[in-house]
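Me: I have a model open and would like to go through it with you. Could we start with a single residue and then move to the overall fold?
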Amino acid sequence: MDLVQVFHCHFNSNFFPLFLEHLLSDHISLSTGSFLLGISYVAPHLNNLYFLPLCRRWGVYTVVRGLFLLKLGLSLLMLLAGPDRPGLLCLFIASNRVFTEGTCKLLTLVVTDLVDEDLVLNRRKQAASALLFGMVALVTKPGQTLAPLLGTWLLCFYTGHDLFQQSPLTPVGRAQPWPEPPAPPPVQAPTLRQGCFYLLVLVPITCALLQLFTWSKFTLHGRRLRMVKAQRQNLSQVQTLDIKTV
């Protein structure tokens, strides 16, 4: 689940300027686009000030699941609305990035719960925090590389437009003196704007479905988490008494 989340975060980071350019450049000014780009880096940190009280009240599992459902619902709504609603499109592009980055930052709390569970189950004398955080970083690292590669390939596959190549110019020596007979009109390929729109909405839908499926298999929440936290606190108290005895 964390691998998919890291993939989605870096996908938004890489393609956010492209979406602004090809989907909203005709409807918003350059200063508005710069403002959206800047606020998308600041808002996730401010958003966590609201998410953390929700986590204390409802639990991290419920809040993260709600964010996945929100991502899926907003993406389906945007898909039904289409690319010709600039106001809704602007709100979706910004909120998609803000909520995705905010979810990434909340998942650190999940890893700390796993550290506590590992300490209790294996009766360790010291928490293996570095080991578990390192394992998570190792498993999720491919998402950073796959995000731009897969996004560029999907865009090229759907529209035939390569972001890194331009059509070569015809050399002067090969210019034809007489025009060739007109060829039959080819089948019109999807425009780059259409490709960006479908990439914008279908990637969050796919990520949300995968994450909701994998997150439903996660069992460290509710009564089990409370039991682990209680045993973790008991172990801390025992270690404190041992230190005082020594």
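Me: Is Arg-123 buried or exposed?
Reply: Arg-123 has a relative accessible area of 70% and is therefore exposed; the class requires over 50%, buried means under 20%, and partly exposed lies in between, with a 1.4 Å probe and protein chains only. This is a predicted model, in which local features need pLDDT of at least 70, side-chain atom pairs count only at pLDDT 80 or more, and totals for chains, interfaces and linings use all residues. Residues are numbered from 1 along each chain as its sequence is written, and side-chain values use heavy atoms, with hydrogens and water left out.

Me: Where does Arg-123 sit, and what is its phi?
Reply: Arg-123 is in the loop between α4 and α5. Its phi is positive, about 50°, although Arg-123 is not a glycine.

Me: Now the fold. How many helices and strands are there?
Reply: The protein has seven helices and zero strands, these being DSSP runs numbered from the N terminus (helices H or I, at least four residues; strands E, at least two). Of its 246 residues, 35% are buried.

Me: At what angle do α1 and α5 pack?
Reply: The angle is about 40°, and the axes of α1 and α5 lie 7 Å apart. Axes are lines fitted to C-alpha atoms, for helices over the stretch in contact, and angles run from 0 to 180 degrees between N-to-C directions. The two helices, α1 and α5, are therefore oblique to each other; angles under 35 degrees count as roughly parallel, over 145 as roughly antiparallel, 65 to 115 as roughly perpendicular and the rest as oblique.

Me: Which residue types make up that contact of α1 with α5?
Reply: The contact of α1 with α5 divides into 14 nonpolar, seven polar and one charged residue. Ala, Val, Leu, Ile, Met, Phe, Trp, Tyr, Cys and Pro count as nonpolar, Asp, Glu, Lys and Arg as charged, and the others, Gly among them, as polar.
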